[in-house]
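User: I would like to learn how to read the features of a model like this one. Please take me through them one at a time.

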Amino acid sequence: MGRGSDALNVLLREERRFAPSAAFVTRANARDREIYGRAGADPEAYWAEWAGELDWFERWHTVVEWDPPHAKWFVGGKLNATYNCLDRHVSGGRRNKAALIWEGEPGDRRTYTYWDLHRETSKFANVLKGLGVRRGDRVAIYLPMIPEAVIAMLACARIGAPHSVVFGGFSPDSLSDRIQDAQAKVLITADGGYRRGQVVPLKANADRGLERSASIEHVVVIARGGGISGETGVHMKQGRDHWYHELMDDASPVCEAEAVDAEDLLYILYTSGTTGKPKGVVHTTGGYLTQVYATTKLVFDLKEDDVYWCTADVGWVTGHSYIVYGPLANGATVLMYEGAPDWPDRGRLWTLCETYGVTVFYTAPTAIRAFMRWGEEWPGRHDLSRLRLLGTVGEPINPEAWMWYHRVIGGERCPIVDTWWQTETGAIMITPLPGITETKPGSATLPFPGVFADVMNQGGESVNAGFLALTRPWPAMLRTIYGDDQRYRDQYWSKWPDLYFTGDGAKRDEDGYFWLLGRVDDVLNVAGHRVGTMEVESALVAHPAVAEAAVVGKAHEIKGQAIAAFVTLKEGHRALDGLADELKEHVVEKIGAIARPEAILFTADLPKTRSGKIMRRLLRDIAEGRALGDTTTLADPAVVEQLKRRYEEKEV
Ligand code: ATP
Ligand code: MG
């Protein structure tokens, strides 16, 4: 197996193993392996059981209708996502339980109980109705990480109006592209938000975006913290723009949750744009809510008294599924933080963990690599002993970053759940179950019960290393690309008949564990060997001086491609003469001569998406001396321009 020319070569070996502790297992929500067998034997019955833990206004008649490449789940069922996130807790015992604990970057705090959140959401739902928003109308949300972002999403869901959340760090053009694509009728924004002590002038950005967004009839503006408007001099356009607090003053707190169809749109969300133009991913209600509910409960092992913190922005799918819908459907206490992790200092996240007694912490490899770079002293100054479970999502995690997270943040006590999924999958797909799965640093381990994945070659045969495929429909899967079903078919369903192509490379080990090797667009082709980026980067990150690395292939006369590596060092390490050679040797030692980087460029920053993912396609453009491709989703375009100049200077 796995010898075809399109299969990936496997280089990295990882022998470390971490079994859940007896103490963790005893209390775990999932501790019986039998769940895998049960879900595998009858996935429909299994998912229906999960759906049964939600509140439905009308029960479905068919669990799944699969008409490839389109699936419908819980057909005929009627429910409301907000009702499941709020009303059912308010009528139960969680009425005055903290649903949302929020801290602003300047240090201001607010806590919303489930009842508070229910009241605010109902009022805002009435506000939206008052502005003419009807079931099915799209509402764009462009906000900082403030509680009103959650309220706005839930208010939309309450009246059956799909939301399209646009990350508050996006430019006016990116906002208007997304508004136009979705033909949104109302925009919800704020005067500003705090980032590294500065006010981001959100309304001013929105105004520029609105110049080309004819579909918008009304704009609701939240006065973040009250004081910002004065500083940024917000302009309110008469008749179009309204202050949130003024509209809320007159709004009734009574608003029945609309009984929507299980297959009605819950939201549209655009992908990060790591590989190209973002795709407007469509999620519907019943299946999505079922899977985010189930995964939150088992993967994060949520207990009634947990304080759960996912550091993602609500503008990304992780924020949708694991700040809002999953945790609130479970009745959890969610911590939300507005600002930057290094403001006012690099210990801010650990101060927050200590202050609020965070027990479950979910973040991204990009953040973990930044923590590693900043040094252990920052977390070292805080009491993190309440943490009991750690999670990661967004990119492959290099085994050394995993080990650092385990030791420094987790105190060698917390299981780590490395969760693989995508905007398109809506919910976690490949992940450990923390009370069952023995973990291996760098592996996302096994498909969640009821999820079916395989590693395949071009021809659709199962191989040890190749393309990651999803082989059966799952409840939270995207239903289409908004307004472009052909792109949906081409992008995900054209490689093999009726199998979903993820775009990621993966290998499977002798225990059946999945290891994500990087995006297939980024695969290196060295002397006839196809190598994923993750293994070479992991070898580099295993060197004590290295915090982060990105490798790309560049055309080479003899080998086809040679490896160019872009490397960021840990604080306190300098790119002394000889370090580049040392790193090349280090890679050879770790994984073999075939992976020896030909060129290494040290850099303080790598080009990343606004969600923090490394954009290798731009590094490839640099290494091959091409004009840079689409940079609209870059966090900081200056980084890549600078890198390009430096690379060219070195080359000359
Ligand atoms: P675009 O599709 O527009 O290029 P994107 O793929 O970055 O953007 P997302 O949906 O935010 O958009 O990211 C999903 C991708 O992130 C996955 O396909 C995978 O490449 C990567 N990823 C997420 N979680 C993990 C993980 N635990 N391990 C490895 N890779 C991961
Ligand atoms: Mg993608």
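User: Where is the place of Trp-420?

Analyst: First, the conventions. This is a predicted model, in which local features need pLDDT of at least 70 and side-chain atom pairs count only at pLDDT 80 or more, while totals for chains, interfaces and linings use all residues. Residues are numbered from 1 along each chain as its sequence is written, chains are lettered from A and ligands numbered from 1 in the order in which they are written, and side-chain values use heavy atoms, with hydrogens and water left out. Helices (H or I, at least four residues) and strands (E, at least two) are DSSP runs, numbered from the N terminus. Trp-420 is in the loop between β20 (416–418) and β21 (453–456).

User: Is Trp-420 buried or exposed?

Analyst: Buried means under 20% relative accessible area, exposed means over 50%, and partly exposed is in between, with a 1.4 Å probe and protein chains only. Trp-420 has 7% relative accessibility and so counts as buried.

User: Which residues does Trp-420 touch?

Analyst: Contact means heavy atoms within 4.5 Å. Not counting residues up to four places away in sequence, Trp-420 touches Thr-425, Ile-428, Met-429, Ile-430, Ala-444, Leu-468, Leu-470, Thr-502, Asp-504 and Leu-516. By C-alpha atoms, Trp-420 and Arg-109 are separated by 32 Å, and they are 311 residues apart along the chain.

User: Which residues is Arg-240 in contact with?

Analyst: Arg-240 is found in the loop between α9 (228–232) and β12 (241–243). With neighbours within four places in sequence left aside, the contacts of Arg-240 are Lys-203, Asp-207, Leu-210, Glu-217, His-218 and Val-219. Arg-240 also counts as buried, at 15% relative accessibility.

User: How many residues of helix α18 are buried?

Analyst: Nine of the nine residues of α18 (residues 533–541) are buried, so this helix is largely enclosed by the rest of the structure. Among them are Glu-535 and Glu-537.

User: What describes two packed helices?

Analyst: Two packed helices are described by the angle between their axes and the distance between the axes. Axes are lines fitted to C-alpha atoms, for helices over the stretch in contact, and angles run from 0 to 180 degrees between N-to-C directions. Angles under 35 degrees count as roughly parallel, over 145 as roughly antiparallel, 65 to 115 as roughly perpendicular and the rest as oblique. Here the axes of α2 (residues 34–41) and α3 (residues 43–51) come within 5 Å and cross at roughly 115 degrees. The two helices α2 and α3 are therefore roughly perpendicular to each other.

User: Which residues of α2 and α3 meet?

Analyst: From α2, Ile-35, Arg-38, Ala-39, Gly-40 and Ala-41 meet Pro-43, Tyr-46 and Glu-49 of α3. These residues divide into five nonpolar, one polar and two charged. Ala, Val, Leu, Ile, Met, Phe, Trp, Tyr, Cys and Pro count as nonpolar, Asp, Glu, Lys and Arg as charged, and the others, Gly among them, as polar.

User: How many aromatic pairs does a search of the whole structure find?

Analyst: Rings of Phe, Tyr and Trp (its six-membered ring) pair if their centres lie within 6.5 Å; planes under 30 degrees apart count as stacked, over 60 as edge-to-face and the rest as tilted. The search of the whole structure finds 36 aromatic pairs. One of them is the tilted pair of Trp-73 and Phe-74, at 5.8 Å centre to centre and 50 degrees between the planes. Both Trp-73 and Phe-74 are buried. Phe-124 and Tyr-244 have ring centres 5.1 Å apart and planes at 50 degrees, so this pair is tilted. Phe-124 lies in α5 (residues 114–130) and Tyr-244 in α10 (residues 244–249), so the pair ties together parts that are 120 residues apart in sequence.

User: Which residues do ring pairs link into a cluster?

Analyst: The cluster consists of Trp-66, Trp-474, Tyr-488, Tyr-492, Trp-493 and Tyr-500.

User: Which ring does the charged end of Arg-178 sit over?

Analyst: A charge sits over a ring if NZ of Lys or CZ of Arg is within 6 Å of the ring centre and within 35 degrees of the ring normal. Arg-178 has its charged end over the ring of Phe-170, 4.3 Å from the centre. Arg-119 lies over the face of Trp-115, at 5.9 Å from the ring centre.

User: What joins Trp-343 and Pro-344?

Analyst: A cis peptide bond, with omega about -5 degrees. Pro-68 and Pro-69 are also joined by a cis peptide bond, with omega about 0 degrees.
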